[in-house]
Amino acid sequence: MFDPFPFYGFLEIKDVSYRPPGTKINLLSQVNLSIPEKSFGLIFGRSGSGKTTLLQLLAGLSKPTSGSIYVQRYSDDGEKMKSPEPLQPERVGIVFQFPERYFVADTVLDEVTFGWPRQKGGLQLRELLASRLQKAITSVGLTGMSLDKDPHSLSGGYKRRLALAIQLVQTPNLLILDEPLAGLDWKARADVAKLLKNLKKELTLLVVSHDLKELASLVDQSWRMEMGGVLKREPLPI
């Protein structure tokens with residue numbers, strides 16, 4: 001459905017540190033992480049330890065003070081193919097905690113297509129965008145919903161689905177989510193977890209969450225972020 005990394009791709013974070021401009025304290029310290037395509041990684045840890053900061057670096061919202069973030073591709077026999085390539089921010093989708101706070105449009109359709117280019121395109125471009133829209137809407141279970149509805153009138157679970165659709169329309173390779181179950185009732189939490197399980201078949205997912213039990217069955221790799229921005233690979237403490 002969505003284009004995966006060609007061959008076998010790994011997202012690699014190598015010795016990444018981050019210090020906000022004008023400060024003397026690192027929010028992230030020598031972070032290393034490797035995750036293969038079409039897998040589910042989960043980062044847990046105390047609030048304020050640097051988890052969201054790492055997601056923001058991956059999305060290109062900030063740049064590392066040192067270190068690198070890239071994609072390394074491998075052939076079928078495990079040999080590295082070419083040099084590593086920097087992770088392109090346009091290939092990354094990010095869903096923030098409580099993403100409905102960032103809705104800006106009056107209809108579901110306008111919300112999903114808000115970031116699309118506004119210039120008039122030819123038939124081929126319009127068909128491509130329509131195809132992306134249909135795939136995204138179907139993937140998150142919004143098929144059959146009126147696209148004229150006010151996004152703010154949706155339930156919590158459907159607002160979260162819409163936030164995912166907004167990112168999937170951009171056909172990312174990597175989808176990163178900050179506390180995707182936060183603020184949802186038990187049924188919506190179960191629905192979103194099931195949705196993430198399906199998306200894992202098509203995308204690489206990296207999630208920050210405190211909801212470890214509800215996501216545990218999806219997790220392929222997990223890491224603990226300790227205070228001071230130190231990341232350690234650890235199994236989930238459940």
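Student: How much space lies in the largest pocket?

Tutor: Rolling a probe the size of a water molecule over the atoms shows where empty space is left. In this predicted model, the largest pocket holds about 440 Å³ of space.

Student: How many residues line the largest pocket, and which of them lie nearest its centre?

Tutor: The lining consists of 19 residues. Those nearest the centre of the largest pocket are Ile94, Glu111, Ala163, Ile166 and Gln167. Two or more lining residues are given by each of strand S6 (92–95), helix H2 (108–112) and helix H4 (156–168).

Student: Which element gives the largest share of that lining?

Tutor: S6 does, with four residues in the lining of the largest pocket.

Student: How is the lining of the largest pocket divided by class?

Tutor: There are 13 nonpolar residues, four polar residues and two charged residues in this lining.

Student: Let us turn to the second largest pocket. How much space lies there, and which residues line it?

Tutor: The second largest pocket has about 210 Å³ of space. Among the residues that line this pocket are Leu57, Leu58, Lys63, Ile69 and Pro86. Helix H1 (51–58) and strand S4 (66–74) are the elements that give two or more residues to its lining.

Student: Which element gives the largest share here, and how do the residues divide by class?

Tutor: The largest share of the lining of the second largest pocket comes from S4, which gives three residues. By class, this lining has seven nonpolar residues, four polar residues and one charged residue.

Methods: Residues numbered from 1 in each chain as written. Predicted model: local features only at pLDDT ≥ 70, side-chain atom pairs only at ≥ 80, totals over all residues. Heavy atoms only, no water. 1 Å grid on protein atoms, 1.4 Å probe; cavity = no way out; pocket = protein on both sides within 12 Å on 5 of 7 lines; lining within 4 Å. Points joined across faces, edges and corners; volume = space filled by probe spheres on them. Nonpolar A, V, L, I, M, F, W, Y, C, P; charged D, E, K, R; others polar.
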